Amino acid sequence: MRKVIPLLVLIALAIPAHGQTLSGWLGQLPEPHHYVLKRVSSYDRTGGNKDYRRVNPGETYTVMDENGPGVITHVWFTIADPELYHLKKIVLRMYWDGENNPSVEAPIGDFFGLGLGDYFTYQSVPLAVGEAKALNCFFPMPFKKHARITVTNEGRDAIRALYFNIDYRAYSKPLPEDTLYFHAEYNQCAPCTAVAGNGRNLEGKDNYVWVHAKGRGQFVGVTMSVLENADRWWGEGDDMFFIDGEKLPSITGTGTEDYFLGAWDFGGQPFAYGLFGAPVVGPERQGARWSVYRFHLDSPIPFTKSLKATIEHGTANDRADNYYSVAYWYQ
């Protein structure tokens, strides 16, 4: 079958301009594009200015319900909700091509990298939070037949105003048969279980698991937040990736801050770049809060049968901190 648009081209076109992406994006502007750009939004259907939706406690609101083929290129939300930590109590789900179980399921804050329930601003290539509560996602999300996105309010208070804009490209011809679907999965341990041992861990036993996926696909990144339950540095855990059923990881790192492309406990300074960052950096003591991210857009980690992406919580999992994460992959 003729390929309509390769996945890597979708990624290059869908993400915002950063570094090398800028030249690729601008270079394709003179080329003709064979899609119709559409938007699903919360605009006021009467022509007025009530461009939002109210979502009561326990209610699920469908923000997108559209037929394909198409590719979502940008998702934007902003939320007016008086409830403390409402970012942890509003659940975002995405369903592709009529599936019963969502391919994306996470608290809305965690999905956008805000894993501790508070807002902060940062900019990466696929995710960004603008001043002060603008949630943006640029991961391309293909669908062949249908796309449905919902928001569920699991809090006590109503979402007084849910604003959203979802931009997508509608195609007249089918997407390639081997197009991969976007996935995102939330995980947590609160707290993780500290393991007493000899300080050695080669097989990844008791590691914190970002995702355990079965099938064929490629891992593209993770956002993670940590709440310290004890003093001292929490990040002596190594990342370990087990590909296609491996007993020992074929990819093993040298420490948590190293995997997230920082160094030396992040130097006590927050930072946020296109593919990696630590936008929230705390002191190394009990109660400190940290948020980090790493995206493998330069070299996604492919798997043909399965992938188990993990990280130690402390040296050989000897710490009992709270971990919250969202893994992102295509499958």
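This is a predicted model: local features need pLDDT of at least 70, side-chain atom pairs count only at pLDDT 80 or more; totals for chains, interfaces and linings use all residues.
Residues are numbered from 1 along each chain as its sequence is written, and side-chain values use heavy atoms, with hydrogens and water left out.

**The whole chain**

Let's start with the big picture. The chain holds 4 helices and 23 strands; these are DSSP runs numbered from the N terminus, with helices being H or I of at least four residues and strands being E of at least two. Its radius of gyration is 20 Å, close to the 20 Å that the globule rule gives for 331 residues, so the chain is as compact as a globular protein of that length. That radius is taken over C-alpha atoms, and the rule is 2.2 Å times the number of residues to the power 0.38. Along the principal axes, the C-alpha atoms fill a box of roughly 60 × 50 × 40 Å.

Of the 331 residues, 53% are buried. Buried means under 20% relative accessible area, exposed means over 50%, and partly exposed is in between (1.4 Å probe, protein chains only). Among contacts (heavy atoms within 4.5 Å) with a separation of 6 or more, 77% are between residues 24 or more positions apart.

As for charge, there are 31 positive and 37 negative side chains, and the centres of the two sets lie 6 Å apart. Lys and Arg count as positive and Asp and Glu as negative, while His and the chain ends are not counted. Each charge is placed at NZ of Lys, CZ of Arg, CG of Asp or CD of Glu.

**The disulfide**

A search of the whole structure turns up 1 disulfide, a term used here for a pair of cysteine sulfur atoms within 2.5 Å. C189 is joined to C192, with an S to S distance of 1.7 Å. Both C189 and C192 are buried. Another cysteine, C137, is buried too, at a relative accessible area of 0%.

D110 sits in helix α3 (residues 108–111) and counts as buried because its relative accessibility is 2%. Setting aside residues up to four places away in sequence, D110 touches K88, G115, Y186, T223, Y324, V326 and Y328.

P283, by contrast, is on a loop between β19 (276–280) and β20 (289–295), and its relative accessible area of 37% makes it partly exposed. Beyond its neighbours within four places in sequence, P283 is in contact with E228, A288 and W290. P283 and W233 are 50 residues apart in sequence, and their C-alpha atoms are 8.7 Å apart in space.

Most residues other than glycine have a negative phi, and most peptide bonds are trans. The table lists some spots that depart from this.

| Spot | Backbone feature | Angle |
|---|---|---|
| G68 to P69 | cis peptide bond | omega near 5° |
| E131 to A132 | cis peptide bond | omega near -15° |
| L261 | positive phi | about 65° |
| N317 | positive phi | about 65° |

Where do these fall? P69 is in the loop between β3 (60–67) and β4 (70–80), and A132 is in the loop between β8 (127–130) and β9 (134–137). L261 lies between α4 (256–259) and β18 (271–272), in a loop, and is partly exposed at 37% relative accessible area. N317 lies in the loop between β22 (306–311) and β23 (322–330), yet it is buried, with a relative accessible area of 0%.
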